[in-house]
Amino acid sequence: MALSQSLGHKKLKVTMALLLTFVAGFVDIVGYLAVYHLFTANLTGTTVHLGHDLVTGQHVAAIIALSVLVGFVLGSIGGRALIEVGARYHVRSIASITIAVELALVLGFKVVFDTWAVTAKSPTEICVLLILLATAMGIQTATLTRVGPLTVHTTFVTGMLNKLAQLISHALFRSYDLVRAKENVEQRLREMRKQHMQEALFFFFIWLTYLVAALAGALCYSRWSMRVMYLPAFLLGIAIVVDQFEPLSLQEERDQMEL
């Protein structure tokens with residue numbers, strides 16, 4: 001019974017990881033298209049922009065890029081702090097709080113954007129808008145980091161693609177080992193290969209979900225403008241409801257207690 005419950009919880013976390021990945025990809029592309037062509041979830045490109053802007057003397061652009069990085073880091077720190085508070089005070093559904101803060105930031109972004117929509121946005125206004133989204137993405141990054149033994153990032157996919165490649169490599173070597181294996185280890189090698197492929201499939205779907213979210217976000221924004229932000233807000237609301245019944249950040253809390 002306990003094993004069945006554990007497997008059920010793991011499947012639920014896989015589903016919620018994909019849901020949060022969709023939110024990140026959707027928010028990332030909408031912020032990119034609507035504000036300043038900077039990503040607020042995947043910060044590798046933003047860091048490159050910062051370096052380029054500093055070299056070329058584009059100080060305003062550099063400040064905007066830096067504000068995104070700072071917002072994301074502060075959001076991640078805040079998210080981890082809330083997770084640790086949950087661990088120390090045994091808060092069962094701490095993820096509901098972190099996701100609720102993220103939800104407020106996403107809706108806050110829409111409200112502020114609509115308020116300033118009638119005028120050309122100043123660098124300060126651009127920074128405020130991007131900081132709201134980057135902070136939301138930082139909080140999300142801290143909220144769900146583990147699915148079983150796997151480390152997961154729902155806001156950027158470079159690390160997930162790297163992990164996918166590693167797991168495929170492991171599976172290929174297990175296949176090679178099976179050709180030369182003795183009978184007494186064949187079953188173990190098959191189980192290892194199966195696990196590697198299942199985990200690789202999960203990381204593939206993380207990447208694919210991010211891609212689908214970017215496609216959906218770009219298409220929806222071109223048709224409905226900022227009203228599309230109600231979709232990620234709705235999905236975050238679903239995550240909050242789920243967390244009330246099946247806490248999503250229990251493993252993150254245990255990790256904090258072990259530090």
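**Thr143 and the chain around it**

Mentor: Thr143 has its place in helix H5, which covers residues 123-143, where a helix is a DSSP run of H or I with at least four residues, numbered from the N terminus. This is a predicted model, in which local features need pLDDT of at least 70, side-chain atom pairs count only at pLDDT 80 or more, and totals for chains, interfaces and linings use all residues. Residues are numbered from 1 along each chain as its sequence is written, and side-chain values use heavy atoms, with hydrogens and water left out.

Trainee: Why does Thr143 count as buried?

Mentor: Buried means under 20% relative accessible area, with a 1.4 Å probe and protein chains only; Thr143 has 2% relative accessibility, and therefore counts as buried. Of the 259 residues of the chain, 45% count as buried.

Trainee: What makes the pairing of the side chains of Thr143 and Thr98 a polar contact?

Mentor: A polar contact is a pair of N or O atoms within 3.5 Å, and within protein one must be able to donate a hydrogen and the other to accept it; the side chains of Thr143 and Thr98 are joined at 2.9 Å.

Trainee: Which backbone oxygen does the side chain of Thr143 reach?

Mentor: The side chain of Thr143 reaches the backbone oxygen of Ile139, at 2.8 Å.

Trainee: How do you know whether the radius of gyration of the chain agrees or disagrees with that of a compact globule?

Mentor: The radius is taken over C-alpha atoms, and the globule rule is 2.2 Å times the number of residues to the power 0.38; for 259 residues a compact globule would have a value near 18 Å, and the chain has 20 Å, which agrees.

Technical notes:
Buried means under 20% relative accessible area, exposed over 50%, partly exposed in between (1.4 Å probe, protein chains only). Helices (H or I, at least four residues) and strands (E, at least two) are DSSP runs, numbered from the N terminus.
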